[in-house]
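Work through these exercises with the model open. Try each task before reading its solution.

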Amino acid sequence: IMMPPLKILRHVIDKMKNMSNNLLIYANMGGDLVFKIETDMVTIATFYKGLEHPQIEGRSPPRLDAQKQAEVKVDIKKFSRFLYSYMVYPTNVIC
């Protein structure tokens, strides 16, 4: 799935990293991407909808089943460092 603009996402993640050490990332084939943190006091999530799925040449396109979802738990501080790569001006980032 294509990531939203890294510069915009970086500001959201920077706010979240002050509250939690872990970031949950959910994505589905319907183009939905969710970034979420959970603490004892609060749960915060940011939703992105309608994101593209890039196609690999020579392969058949995947079935766009919005019910199938992938999730991962990452260290939010390391993910935040990754987001600073926007300084090299990537046009497309695939997650």
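This is a predicted model: local features need pLDDT of at least 70, side-chain atom pairs count only at pLDDT 80 or more; totals for chains, interfaces and linings use all residues.

Residues are numbered from 1 along each chain as its sequence is written, and side-chain values use heavy atoms, with hydrogens and water left out.

**Exercise 1. The sheet**

Task: Find the order of the strands in the open sheet and say how they pair.

Solution: 
- Start with the terms. Strands (E, at least two residues) and helices (H or I, at least four) are DSSP runs, numbered from the N terminus. Two strands pair if DSSP finds at least two bridges between them.
- Read the order. Four strands form the open sheet as β3-β2-β1-β4, with antiparallel pairing.
- Find the edges. β3 and β4 (69-75) each pair on one side only.
- Neighbouring strands are turned by 20 degrees against each other on average, direction ignored. Axes here are lines fitted to C-alpha atoms, for helices over the stretch in contact, and angles run from 0 to 180 degrees between N-to-C directions.
- Look at the bridges. Strand β1 (residues 22-28) is joined to β4 by seven bridges.
- Turn to the hairpin. β2 and β3 have four residues between them and pair over six bridges. Within this pairing, F35 stands opposite T46 in β3.

**Exercise 2. The aromatic rings**

Task: Classify the ring pairs F35 with Y48 and F79 with F82.

Solution: 
- Set the rule. Rings of Phe, Tyr and Trp (its six-membered ring) pair if their centres lie within 6.5 Å; planes under 30 degrees apart count as stacked, over 60 as edge-to-face and the rest as tilted.
- Count. The structure holds three aromatic pairs.
- Take F35 and Y48. Their centres are 6.0 Å apart and their planes stand at 80 degrees, so the pair is edge-to-face. It links distant parts of the chain: F35 is in strand β2 and Y48 in strand β3, 13 residues apart.
- Check burial. Buried means under 20% relative accessible area, exposed over 50%, partly exposed in between (1.4 Å probe, protein chains only). F35 has 0% and is buried. Y48 has 15%, so Y48 is buried too.
- Take F79 and F82. Their centres are 5.7 Å apart with planes at 40 degrees, so the pair is tilted. Both sit in helix α2 (residues 76-83), three residues apart, about one turn of the helix.
- Compare with the cut-offs. F79 is buried at 12%, while F82 is partly exposed at 36%.
- Join them up. F35, Y48, F79 and F82 form one aromatic cluster.

**Exercise 3. The surface patch**

Task: Which residues form the nonpolar patch on the surface?

Solution: 
- Apply the rule. Patch residues have over 30% relative accessible area and no salt bridge; like charges are joined within 9 Å, nonpolar side chains (Val, Leu, Ile, Met, Phe, Trp, Tyr) within 5 Å. A salt bridge is a side-chain nitrogen of Lys or Arg within 4 Å of a carboxyl oxygen of Asp or Glu.
- Name them. M19, M41 and V42 form the patch, with about 320 Å² of accessible area together. Areas come from the Shrake-Rupley method with a 1.4 Å probe; for residues, only the protein chains shown count as cover.
- M41 is exposed, at 79%.
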